[in-house]
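Okay, thanks for coming, everyone.

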Amino acid sequence: MSKLSTDPDRRGHFGPYGGMYVPETLMFPLEELTREYFRARRDPAFRKQLLYYLREYVGRPTPLYFAERMTQELGTARFYLKREDLCHTGAHKINNSMGQVLLARRMGKERIIAETGAGQHGVATATAAAMFGMECVIYMGEMDMQRQALNVFRMQSLGATVVGVTAGQRTLKEAISEAMRDWVTNVRHTHYVLGSALGAHPYPLMVRDFQSVIGREARRQILKKEGRLPTHLIACVGGGSNAIGLFHPFLNDREVKMIGVEAGGFGPKSGLHAARFATRNGGKVGILQGTKTFVLQDRDGQIKLTHSVSAGLDYAAVGPEHSLLRDMGRAEYTYVNDTDAVFGFDRLCQLEGILPALETAHAFAYVFRNARRFGKDDLVVMNLSGRGDKDVQQVAAWKAEQATKSRKAG
Ligand SMILES: *Cc1c(COP(=O)(O)O)cnc(C)c1O
């Protein structure tokens, strides 16, 4: 079988998806960034510098941990966990922030801006900016600022200015629009660090490249530990950066199955979810914030309201490369609802002594609920994208609400 072409075309198309669907004013910054990124990508000195900071500062390589009790309990496959939760700042996001901040320095930009939803990408970017002594502005919806006060405090402590966005739903989508506006105005000395494999070219490619360190390490580690490739890779999918980072180095290993888990919220029937690939009430092909991909929209193309217990999965569009992998049948996508995600959170805590992020808990819930789909010769690598300390209040509130509901029902 022919080798999968893993890079998009010159305009950033992954098959029919991706591209650069932006107003004229954004074309110049995007073209400059594309040019500079391709130069950096080929430059061994840049790659060496990035590896240095990933090792010395981020704490890479992260372990590929054999989950002994989980394996025993489920009694089906052997499960390994790629421990991105052990990265500095607690999630995979810093792999991308570090790469982009280094690129900005190389381009001579002194000011860093970013959007953030739950605040994890804002914290990772503010961290890299602080380490290099750069000015940093983070755009965040006002609703999210209330929900994620702890992360606002962390970003401010790191020296970043957090700008509240009051437009629309006052969440991630509006924060991205505001960051793009700032970028167009200040592009001469500003770089915009986008936080997932989303948006216009070159972001989906660039973010995927920076996150692919996850899959490259995992591939090496599993070969060393087990002497063979995994049968399955499993990751949660928000914008899709941790998943594509794990999947990408295995794309041409056709025998390796890939499963992406989206946020099912209250379930596809309710319409309150972020399962872009769900067959019922899922997304349709459209354009959101510069890229063509699966988007949750109504019949008039209005973007739908989304819901998930985990803020990091709560977005109406998915990275364009995932849309292509889905069409080709190279990866399979499924979803897990809020209730199961909290179950996944509890189960991993109790079985392995690891508090996962609620985003990550979706991937684990899928496995806990579908253990019988795996056989005893299967070897499963799961991406543990982040730690759950940030979510303990959210989980506690969710449980309190459930308890109240069941008291009323009883
Ligand atoms: C942001 C986040 C995600 C979702 O983003 P992707 O780009 O889909 O990876 C998943 N897990 C954690 C821990 C996050 O912080």
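So, the structure holds two cavities of 30 Å³ or more. A cavity here is a set of points on a 1 Å grid over the protein atoms alone where a 1.4 Å probe fits but cannot get out. Grid points are joined across faces, edges and corners, and a volume is the space filled by probe spheres set on the points. Before going on: this is a predicted model, where local features need pLDDT of at least 70, side-chain atom pairs count only at pLDDT 80 or more, and totals for chains, interfaces and linings use all residues. Residues are numbered from 1 along each chain as its sequence is written, and side-chain values use heavy atoms, with hydrogens and water left out.

What is the volume of the largest cavity? About 420 Å³. Its lining has 34 residues, and K93, G195, S196, G239 and G312 lie nearest the centre; a lining residue has an atom within 4 Å of a point. β5 (111–116), α5 (120–131), α8 (172–186) and α11 (241–247) each give at least two residues to that lining. Those elements are DSSP runs numbered from the N terminus: helices are H or I with at least four residues, strands are E with at least two. By class, the lining of the largest cavity comes out as 12 nonpolar, 17 polar and five charged. For the classes, Ala, Val, Leu, Ile, Met, Phe, Trp, Tyr, Cys and Pro are nonpolar, Asp, Glu, Lys and Arg are charged, and the others, Gly among them, are polar.

Next, the second largest cavity, at about 50 Å³. Its lining is V22, L26, L30, M180, W183, Y192, L194, A200 and Y203, with α1 (24–42) and α8 as the elements that supply two or more residues. That makes a lining of nine nonpolar residues, with no polar and no charged ones.

Now let's stay with α1. Helix α1 packs against α9 (residues 203–211) at an angle of about 30 degrees, their axes 11 Å apart. Axes are lines fitted to C-alpha atoms over the stretch in contact, and angles run from 0 to 180 degrees between N-to-C directions. So α1 is roughly parallel to α9, a label for angles under 35 degrees. On the contact itself, meaning heavy atoms within 4.5 Å, α1 brings L30, L33, Y37, F38 and R41, while α9 brings Y203, L205, M206, R208, D209 and F210. Eight of these contact residues are nonpolar, none polar and three charged.

On to pockets, which are open sets with protein on both sides within 12 Å along at least five of seven lines. The largest pocket has a volume of about 610 Å³. It is lined by 38 residues, with R147, H307, S308, V309 and D314 nearest its centre. Which element gives the most to this lining? That's α15, with six residues.

Last one: the second largest pocket, with about 340 Å³ of space. Of its 14 lining residues, Y37, R47, L50, D209 and R216 lie nearest the centre. Two or more residues come from each of α1, α2 (44–58), α9 and α10 (213–226), and α2 gives the most, with five. Here the lining splits into seven nonpolar, two polar and five charged.

That's my tour; over to you.

Technical notes
Angles under 35 degrees count as roughly parallel, over 145 as roughly antiparallel, 65 to 115 as roughly perpendicular and the rest as oblique.
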